[in-house]
Amino acid sequence: MTEELTKTQADDLLEQIDQYNAQIKAAEVERDEFKEHYQKKIAVAKNLCKLKCEPLRQDIAVLTETLRRYADNLPEGRKSLPLPSGKLKFQKQEPKFYDVDNRKLTGKSKALLEFVKSTLPQYVKITQEESVAWHSFKKNLAIDGDKVYYAETGELLEGLRGQILPDKFTVELK
């Protein structure tokens with residue numbers, strides 16, 4: 001059985017809730033002050049780390065470039081050189097393709113889609129919207145200079161450009 005409250009008791013409970021809310025607000029202010037204090041310390045720590053690491057990263061880049069130049073002299077056909085402390089290796093990269101506005105091609109690129117729809121419809125992929133099955137289609141393209149051709153027929157893909165990338169050089173440490 002619950003007893004009924006009087007107006008005075010109800011008012012006292014309201015005051016108690018108000019006091020609790022004030023304590024919560026004070027705890028939140030204290031929390032926010034701590035957060036701000038430690039966020040400043042975190043920012044200083046990040047900056048200190050950056051100052052220490054940046055010259056080291058630059059040194060690594062210089063050493064890596066020196067190793068890349070050394071590995072350029074590998075015998076024809078060799079793509080890697082194992083060493084006691086690691087391995088120097090070159091990895092083929094896929095060429096990049098662009099439209100005339102220098103935007104990277106995707107399966108939804110307009111000029112590419114128009115070419116494929118009119119000449120090689122088997123590479124058109126239809127989902128909710130039309131696009132080219134780019135992953136499989138780009139394997140059939142050839143690049144000459146920056147011009148892009150369909151390799152099988154030699155047909156020029158107007159409005160598209162290609163870029164053959166050099167092999168990617170990596171250093172693997174043991």
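Phe137 is buried, as is Tyr150, in this predicted model. The rings of Phe137 and Tyr150 form a stacked aromatic pair, with 5.9 Å from centre to centre and 5° between the planes. This pair links distant parts of the chain, since Phe137 belongs to helix H3 (residues 134-137) and Tyr150 to strand S7 (residues 147-150), 13 residues apart. Both residues also belong to a cluster in which ring pairs link Phe97, Tyr123, Trp134, Phe137 and Tyr150.

The structure holds six aromatic pairs, and another of them is the stacked pair of Phe34 and Tyr38, at 6.3 Å centre to centre with 15° between the planes. Phe34 and Tyr38 lie four residues apart in helix H1 (residues 7-71), about one turn of the helix. Phe34 counts as partly exposed because its relative accessibility is 45%, and Tyr38 counts as partly exposed at 45% relative accessibility.

Turning to charged side chains, the structure holds 13 salt bridges, including the following.

| Salt bridge | Closest N and O atoms |
|---|---|
| Glu36 and Lys40 | 3.5 Å |
| Glu65 and Arg68 | 2.5 Å |
| Lys79 and Asp167 | 2.7 Å |

Lys79, in the loop between H1 and strand S1 (80-83), and Asp167, in the loop between strand S8 (155-163) and strand S9 (168-173), are 88 residues apart, so that their pair links distant parts of the chain. Lys79 is partly exposed, at 39% relative accessibility. Within helix H1, Glu36 and Lys40 are separated by about one helical turn because they are four residues apart, and Lys40 counts as exposed at 53% relative accessibility.

Definitions and conventions: Residues numbered from 1 in each chain as written. Predicted model: local features only at pLDDT ≥ 70, side-chain atom pairs only at ≥ 80, totals over all residues. Heavy atoms only, no water. Phe/Tyr/Trp six-rings, centres within 6.5 Å; stacked < 30°, edge-to-face > 60°. Helix = DSSP H or I, 4+ residues; strand = E, 2+ residues; numbered from the N terminus. Buried < 20%, exposed > 50% of the residue type's maximum accessible area, 1.4 Å probe, protein only. Salt bridge = Lys/Arg side-chain N within 4 Å of Asp/Glu carboxyl O.
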